[in-house]
Amino acid sequence: MSCVGTLVWLLVGMASGFGFMYYYQLRVKQAKIICEFQPKPETTPRAAFTTSRLTPSTFVVREYNDIYDEHPQIFVKLSPSTGTMLIIDTGCGGATADTEVGITSLRQYIEEVRLECNGGEALNEGKRLKYVVVATHCHYDHILGMEQFNDSPILMSSHSPSFVSPTNLPTHSLCKNMGIPTPKFKPLLVPHQYDIRSETGIPLGVFILHTPGHTPDELAIYDAAEKMLYVGDSLYETETIIFPKEGSIGEWMASIDYLISFVKTEEEDEAEQVRMSCGHSTLCQPALELLNAVKSFMNDVVAGREPVKGRMSRRGEENVQYVQLGGRFALRCPERLVLEARQLNQ
Ligand SMILES: [Zn+2]
């Protein structure tokens, strides 16, 4: 081999070495899931929200003391390279039982309140990033802050357009039942596997998956680079999973099966696990284990292996409550939904 040939091979070797090191560092960085949650507000003035860094790009913003006792988890992904901030759900609109709170607007909080977990900057410091907002579904505790983002695209599932139509939204959001005004916003209804883009058309590497069941418009969001699946109210741990009268356990089962196969495919060629964060309580849990576990609990409910722990009337229908031994999963839904799912299995 000539000197030049040796030099070329040396350079190629070094380049691929550096390439691998860069790739390796990137993987390590992506795998570093942080998930430390501060339960108390740490800001001055005090806000209706508390925030913790969830992943290298994403924060979880929680309404810690809302008057509805929902404690929704709002996810905020910063994508400076595309000039975009992705907001997953907008919570209960900041109505808080904490009388010392000065900031109740989610948008004001994001733009003005400096956070230790973001290096002392506001999440959208200087309003540098444009918003893209997604509603995992139309229930009031996920959309009451939407009007604050009426100057930005608001994405919802196109699975059942009539379910989220202006005529039906007051009932299906549960706002009518709660006696609160329904927020006015014009969602852009997007199809299954839609890739979310910036205002200028740059892909964020984040996808929408239709996962009907909790409601017909329920969706999940998958952040491919960080291998994080956001599933809204499809499931969570420790707090009661609630199906409204418009829900379907049969459709939910099909969506869970879809997510299981989706996660398996995502994990096929890489050692890194897909993790899952939910609309309430659960953060960064291994997705496949969680999906299989919740499916097993629901199978027990439908097969009659879980005893009914409570009964109550909700929106004119008899509801039943189940609590798994150990308390990991609990369910409350109209009894009709369990009976319909049982029928499907026969
Ligand atoms: Zn819900």
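**Notebook: contacts, sheets and core of a predicted chain**

I began at Ala 220, which, not counting residues up to four places away in sequence, touches Leu 209, Thr 211, Leu 229, Tyr 230, Val 231, Gly 232, Ser 234 and Leu 259.

I noted the conventions next. This is a predicted model, in which local features need pLDDT of at least 70, side-chain atom pairs count only at pLDDT 80 or more, and totals for chains, interfaces and linings use all residues. Residues are numbered from 1 along each chain as its sequence is written.

**Confidence and totals**

I looked up pLDDT, the predictor's confidence in each residue, from 0 to 100. The chain has a mean pLDDT of 89, and 88% of its residues reach 70 or more. Over residues 1-32 pLDDT stays under 50, and the model has 7 contacts beyond four places in sequence for this stretch.

I found 8 helices and 17 strands in the chain. Helices (H or I, at least four residues) and strands (E, at least two) are DSSP runs, numbered from the N terminus. Of the 346 residues in the chain, 41% are buried. I used these classes: a residue is buried if 20 or more other C-beta atoms lie within 10 Å of its own, exposed if 12 or fewer, and partly exposed in between, with C-beta atoms placed from the backbone. Taking contacts between residues at least 6 apart in sequence, I noted that 57% join residues at least 24 apart.

**Core**

I returned to Ala 220 for the core. The largest nonpolar core has 81 residues, and Val 76, Ala 220, Ile 221 and Leu 229 are those with the most contacts inside it. Helix 7 (residues 287-303) gives the most to this core, with 8 residues. A nonpolar core here is a set of buried Ala, Val, Leu, Ile, Met, Phe, Trp, Tyr and Cys residues joined through C-beta atoms within 7 Å. In soluble globular proteins, nonpolar side chains tend to be buried together.

Two strands pair if DSSP finds at least two bridges between them.

I went through the pairs from strand 8. Strand 8 runs antiparallel to strand 9 (residues 203-210), with 3 bridges, and Asp 195 has Phe 207 as its bridge partner in strand 9. The two strands form a hairpin with 5 residues between them, and Gly 201 in the turn has a positive phi of about 90°. Strand 9 is joined to strand 10 (residues 219-223) by 5 bridges, again antiparallel. In that pair Ile 208 stands opposite Ile 221, a residue I had already listed for the core.

Strand 1 pairs with strand 2 (residues 58-63) in the antiparallel sense over 5 bridges. I found Thr 51 opposite Val 61 in strand 2.

Strand 12 (residues 240-242) runs parallel to strand 17 with 3 bridges, and Thr 240 stands opposite Ala 330. Strand 16 runs antiparallel to strand 17 with 5 bridges, and here Gln 321 stands opposite Arg 332. The hairpin of strand 16 and strand 17 has 6 residues between the strands, and Gly 326 takes a positive phi near 95°.

I picked Glu 318 in strand 16 (residues 317-323). Glu 318 counts as exposed because it has 11 C-beta neighbours inside 10 Å. Leaving aside neighbours within four places in sequence, Glu 318 is in contact with Arg 311, Ser 313, Pro 334 and Glu 335. I also noted Lys 245, which is 73 residues from Glu 318 in sequence and 10.0 Å away in space, C-alpha to C-alpha.

Terms used:
Contact = placed C-beta atoms within 7 Å.
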